[in-house]
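Visitor: I would like to go through this structure term by term. Please set each value against its definition.

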Amino acid sequence: MTKQRVDGILNYRGTMTVRDSAVGSNAKVVRTAPSTYGEAAERTQVGVITILPLEAQAVRLALGLRSERVGDLTFYRAVVDGVSVAATMALEPGQRSAMAAYNNLVGVFDPEITVLVGIGGGFHKSVAIGDVLLSTEMVYYDLRKVTPSGTPRRGQTRPAPAAVGHAINAFLSDLGSPSRLTIEDPEGTSRSVAVHAGPIGSGEAVIADEDAAELAFLASFNDKILAVDMEAGGLGQACHERSASSGQQHRWMVVRGISDRADRNKSDPPQRVAAWHAAQVLRRILPYLENER
């Protein structure tokens with residue numbers, strides 16, 4: 001066998017990521033313009049995105065997060081039960097703003113997993129107001145083709161990496177069957193809360209009609225879809241597309257407290273309780289999301 005000297009890194013059949021490093025004779029690192037956000041902080045284990053102020057308030061209180069300014073952005077951080085957490089709130093509801101919030105979070109803290117936390121509308125018969133949904137599969141319902149004869153929808157499914165599903169399964173297994181938690185709210189009221197795992201439908205609409213075409217489409221597309229929101233599609237797509245530039249999968253999941261039935265009875269009062277339930281379930285599941293690599 002002929003031996004050959006290699007100045008650099010030689011890798012056989014493996015995966016390797018090298019950043020801000022140089023190897024070899026007279027090697028040096030030349031860094032261009034700094035990040036938009038300045039020097040990145042130490043990598044965070046769990047990133048959290050909320051949309052509404054009441055969702056952000058619930059997460060901050062449940063996790064004991066403190067505010068931190070980075071440029072013109074505000075983040076909330078803490079180490080919770082040994083897990084480092086960084087949270088941010090999107091500028092406004094919707095898929096595009098959720099994607100921007102994810103990019104802001106990644107640009108500063110580069111979390112190992114990003115969790116979208118807040119409220120959603122439950123339309124499956126198995127979920128009730130106050131329950132909490134854990135989702136690692138998103139079905140986007142707003143792709144459609146406009147034709148003279150009608151507007152057929154084209155659903156798109158985006159699953160999270162399998163490791164996230166394993167984490168949720170372990171959490172639910174430890175809860176037992178049926179999966180329920182006793183959650184006490186800040187006023188001291190305790191409730192028994194059901195925790196479900198299943199797909200979530202996501203699109204651009206606030207749905208307040210049980211006969212909406214969007215709900216009928218989702219039920220026909222996958223009868224296991226439990227709830228709807230307006231941001232899971234953006235998070236799932238952002239993580240999916242980022243893998244092309246990073247060469248690795250980016251973990252994500254959704255935690256939604258059910259605040260309404262996506263019907264004409266939709267109202268604001270249950271939202272605060274649902275947001276608190278979601279935040280508390282997030283806290284309980286944090287140790288299961290820790291990446292032990």
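Guide: Accessible areas here come from the Shrake-Rupley method with a 1.4 Å probe. By that method, the protein chain exposes about 15,600 Å², and carbon and sulfur atoms supply 47% of this area. The model is a predicted one.

Visitor: How many of the residues count as buried, and what is the cut-off?

Guide: Buried means under 20% relative accessible area. Of the 293 residues of the protein chain, 47% count as buried. The secondary structure comes to six helices and 13 strands.

Visitor: Why is Phe75 called buried?

Guide: Its relative accessible area is 0%. The cut-off is under 20%, so Phe75 is buried. Phe75 lies in strand β3, residues 73-80.

Visitor: What makes a residue a contact of Phe75, and which residues are in contact with Phe75?

Guide: Contact means heavy atoms within 4.5 Å. Leaving aside neighbours within four places in sequence, the contacts of Phe75 include Arg66, Val70, Ala87, Leu105 and Phe109. As for Met89, 14 residues separate it from Phe75 in sequence, and the distance from C-alpha to C-alpha is 7.8 Å.

Visitor: Why does Arg158 have no salt bridge?

Guide: A salt bridge needs a side-chain nitrogen of Lys or Arg within 4 Å of a carboxyl oxygen of Asp or Glu. The nearest side chain of opposite charge to Arg158 is Glu241, 6.4 Å away. That distance is not within 4 Å, therefore no salt bridge is counted for Arg158.

Visitor: What makes the pair Arg158 and Gln237 a polar contact?

Guide: The cut-off for a pair of N or O atoms is 3.5 Å. The side chains of Arg158 and Gln237 are joined at 2.8 Å, so the distance is within the cut-off. Gln237 is also among the residues in contact with Arg158, as are Met138, His240 and Trp252.

Visitor: What makes a group of residues a nonpolar core, and which residues have the most contacts inside the largest one?

Guide: The members are buried residues of nonpolar kinds such as Leu and Met, joined through side-chain atoms within 4.5 Å. The largest nonpolar core has 69 residues, and Leu134 and Met253 have the most contacts inside it. Helix α6, residues 270-289, gives the largest share of this core, 10 residues. A second, separate core has 11 residues, including Tyr141 and Ala212.

Visitor: Which residues are in contact with Met253?

Guide: Among them are Ile113, Leu134, Val164, Leu235 and Ile285.

Technical notes. Residues are numbered from 1 along each chain as its sequence is written. This is a predicted model: local features need pLDDT of at least 70, side-chain atom pairs count only at pLDDT 80 or more; totals for chains, interfaces and linings use all residues. Side-chain values use heavy atoms; hydrogens and water are left out. Buried means under 20% relative accessible area, exposed over 50%, partly exposed in between (1.4 Å probe, protein chains only). Lys and Arg count as positive and Asp and Glu as negative; His and the chain ends are not counted. A polar contact is a pair of N or O atoms within 3.5 Å; within protein, one must be able to donate a hydrogen and the other to accept it, and residues adjacent in sequence count only if both atoms are side-chain atoms. Helices (H or I, at least four residues) and strands (E, at least two) are DSSP runs, numbered from the N terminus.
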